Amino acid sequence: MFQRMGSAVVRHPIWTIVAWVIAAVAIVATAPTLPSSSDQSSFLPKSYESIQAAGVQSKAFPGAFTPAAIALYQRTDGGKLTKTDLSDIARITSELGKKHIDQVQKVIPGQPSKDGKYDTTLVQMDNKKAGQPEQNEAAKTLREDLKDLAKGTDLDVKLGGAAAQALDQEDSSKRGQALIGIGTFGIILITLLIIFRAPLLAVLPLILIGVVSAIANGLIAYATKLFDLEANSSVSSILIVVLFGVGTDYFLFLMFRYRERLRAGDEPKQAMVEAVARVGEAIASAAGAVIIAFLALILSTLGFLKQMGPALAIAVAATLIAGLTLIPAVVSLIGPKIFWPSKSWQREPENARFAALGRGVQRRPALTTIISGAILAALAFGVTEYKATFDLASGSMPDTKESMVVQNQMEKAYSAGAASPTDVYLTSTNGKPLDKNALGAYAKQLGAVDGVADALPPRYSKDGATADFTLTLKYGAATDKALDVVSEVRDVAHSDAPPGTKALVGGMSSIYKDVDTAVNHDYKTVFPVAAVLIMLILGLLLRSIVAPWYLIASVGLGFGATLGATVLVFQKIQGHSGLMFMLPVIMYLFVVAIGTDYNILMIARLREEAREGLDPRAAAGMALRHAGPTVAAAGFILAATFATMLLAGNSLLSEMGFAVSFGIAIAAFVMSMFFTPSLTALIGHAAWWPGHGDRARETGPVTAPAAPTGPYEPALVPGNGQAGYAQEAQGYPQQGYNQQGYPQQQYQQGYPQQGHGQQGYPQQQGHPQQGHPQQQYGQQGYPQNPQQNPQGYPQQNAQPGYNPQGNPQGYDAQGNPQGHNPQGWGPQG
């Protein structure tokens with residue numbers, strides 16, 4: 001399949017590129033725009049109590065509202081508000097309402113703080129447009145108008161609330177995206193220049209993945225609108241990293257194998273066909289694991305993760321298709337010139353460091369497994385200290401943003417829970433009005449819950465069928481203590497509700513409590529489903545039911561090590577109260593899915609080496625030697641790319657950036673390089689049961705032919721190569737022979753191993769591309785010295801034993817042994 005795909009793309013590169021350009025233009029030109037939302041309630045399904053409570057509020061108390069924006073006033077000198085100040089605040093509130101700003105439905109006075117230093121104005125907006133660009137613009141206009149109206153007074157006014165937070169989040173996200181984009185480009189460019197020393201090759205993936213990015217973003221916008229998914233601006237920042245990080249990975253997988261095929265003597269276009277054929281399965285399997293892991297997020301109950309899953313899956317799918325079509329097409333057009341001006345692609349590197357690491361794994365697989373496993377287990381111990389925080393707004397922007405300053409000041413000036421009160425809605429289930437006289441005791445029971453600072457008298461709907469009990473908590477809405485209090489409030493509200501009534505608890509703390517419940521649900525569903533599906537992909541790729549178990553277990557251990565390290569850095573060292581609630585889900589999917597990429601690449605190469613007849617330990621050592629450089633380069637670029645998220649300036653992306661980059665580093669440099677190959681070597685042939693994927697190819701007895709001693713005519717029949725050595729019917733070498741039919745040792749597909757040139761001649765360091773010895777040898781590979789001609793033949797009479805043409809005595813003018821027929825040695829000599 002991949003051979004045919006590579007051949008088709010290389011035969012028609014222009015048409016392939018044109019198709020991608022047309023698709024990019026059409027999709028980008030017609031794609032809808034994505035809105036942004038930081039409203040946690042929009043991320044939960046209607047089955048949760050907090051969402052049902054919001055529905056009761058909108059029906060029973062249509063005039064009541066949770067302010068979309070809050071103007072917070074204080075004196076510029078920090079003192080108590082004077083009568084003049086209060087008069088100015090009333091005037092500003094009145095004039096602000098008369099401006100009839102788009103999306104603004106009501107502007108009313110708020111309550112002053114108990115210390116008299118603060119006062120507020122509350123702004124109601126259309127709930128149906130929450131998080132939409134129109135309300136961001138409305139918040140921007142409100143902020144500007146408030147500044148203008150406060151000029152000439154002693155007041156300092158700031159705008160907070162959900163709409164202002166969405167505006168600030170959008171601004172912070174744009175800044176973060178710019179920094180992440182610049183950092184990502186810089187890391188990829190510099191790293192590729194160091195690896196290949198070729199400017200064109202370093203720039204090419206940035207250009208091609210940029211095209212893929214535009215297409216992926218357009219497709220994501222279509223999917224979000226088509227399936228009515230929730231959008232969040234943080235997804236855009238993650239998409240940049242996923243597209244360029246994963247795209248560069250697949251680019252590297254392909255280019256390393258393309259360079260290897262060129263060194264093996266393949267014609268450039270055929271080299272690309274072979275590269276796609278050989279690495280295509282590994283790329284497709286790796287991408288499949290990532291896509292399935294991301295799609296598992298569809299099972300999440302959180303709208304944010306439901307939208308992120310398909311979005312990232314679409315991005316990876318587009319990158320996969322580009323890696324198997326667009327990149328091969330462009331590179332096949334350019335050819336080996338893509339490596340200009342470097343010439344290192346023409347010679348096989350020694351890979352001394354990775355060869356040494358491979359020998360270490362080969363000699364001591366048990367010790368390697370124990371050490372690498374112990375490192376992962378030690379880091380994973382930190383998971384026991386994990387705590388979650390649920391304030392998505394503050395996590396997605398710095399504390400210096402105006403809306404966050406307002407939130408923090410209000411928590412200090414008023415009760416910590418005053419900005420986000422908890423409401424208990426008691427509704428009659430028989431359609432009759434509530435008995436107001438019977439609700440006094442119920443209100444006292446709610447107010448007596450430990451952690452409730454204040455309980456207001458109930459207010460009733462117009463029909464008297466619903467009562468609203470407003471409770472102010474002692475703790476901030478997103479804190480663990482507030483969630484515990486809400487849980488107790490729910491217990492009291494439900495158990496003590498009068499007969500014929502139903503109680504629902506709403507408010508931000510109630511929403512956070514439901515988010516906590518939803519995340520715990522996701523841990524029990526998304527994690528196992530993703531793991532099982534990835535194991536199926538591994539099983540199909542490796543034709544084994546043993547290897548997928550320990551591979552997914554190793555990746556799970558890597559996840560634990562990553563979460564433990566993140567807890568250590570952010571909770572213990574930096575003093576954060578907890579990590580963002582969705583971080584473990586996102587981290588699990590990235591580390592498991594992308595970590596599996598490197599495991600797949602390494603295990604696939606290990607299987608290749610085993611099929612060449614190597615025992616499990618030797619195959620592990622050779623796999624690390626040959627696949628190690630690719631995994632190291634790809635792992636470094638991807639980890640460094642995710643690390644750019646630390647530049648975003650908010651805790652959500654900072655925690656995510658550190659966790660994912662650390663997890664990828666663990667996956668690349670600990671799991672796939674040491675733990676996986678050493679464990680596979682220890683398990684041995686049983687790792688491939690029942691498919692026996694490591695079984696050596698059945699090629700029959702392989703013996704190196706002896707040099708002819710007399711007239712010799714090889715049997716040129718099907719199964720023999722042009723040189724008379726046994727080959728497969730297709731003309732490809734059998735195990736132990738290269739394409740020309742010369743014997744080789746321990747090299748995949750029969751191509752030259754260390755100590756042999758591409759034509760099969762023994763050689764040592766410093767050999768030219770053709771495989772003939774260079775050091776102390778002439779252009780044709782014959783010994784020479786200053787008395788010998790350029791071809792390496794001794795000059796006439798230079799040494800005894802050579803004929804006048806410079807050929808050794810006993811050979812004719814064509815270089816064939818005299819007394820032998822010219823065909824006796826075959827076209828390759």
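A residue is called buried when its relative accessible area is under 20%, exposed when it is over 50%, and partly exposed in between, with a 1.4 Å probe and protein chains only. The model is predicted, so local features need pLDDT of at least 70, side-chain atom pairs count only at pLDDT 80 or more, and totals for chains, interfaces and linings use all residues. Residues are numbered from 1 along each chain as its sequence is written, and side-chain values use heavy atoms, leaving out hydrogens and water.

View 1. Helices (H or I, at least four residues) and strands (E, at least two) are DSSP runs, numbered from the N terminus. Helix 4 spans residues 83-98. On one side, Asp85, Asp88, Ile89, Ile92, Thr93 and Leu96 are buried. They cover an arc of only 135° around the axis, which puts them on the same side of helix 4; the arc is that of the directions from the helix axis to the C-beta atoms. Lys83, Thr84 and Lys98, on the other side, are exposed.

**View 2. The neighbours and the end of helix 4.** Contact means heavy atoms within 4.5 Å. The buried residues of helix 4 pack against strand 1 (69-75), strand 2 (104-109), strand 3 (119-125), helix 5 (133-149) and strand 4 (155-160). After helix 4 comes His100, with a positive phi near 50°.

View 3. Helix 2 (residues 13-30) supplies the largest share, 4 residues. Trp15, which lies in helix 2, is exposed, with a relative accessible area of 64%.

View 4. Ile664 belongs to helix 22 (residues 651-683) and counts as buried at 1% relative accessibility. Leaving aside residues up to four places away in sequence, Ile664 touches Ile594, Tyr598, Gly635, Leu638, Ala639 and Phe642. The C-alpha atoms of Ile664 and Val591 are separated by 6.1 Å, although these residues are 73 apart along the chain.

Definitions and conventions: The expected span of a helix is 1.5 Å times one less than its number of residues.
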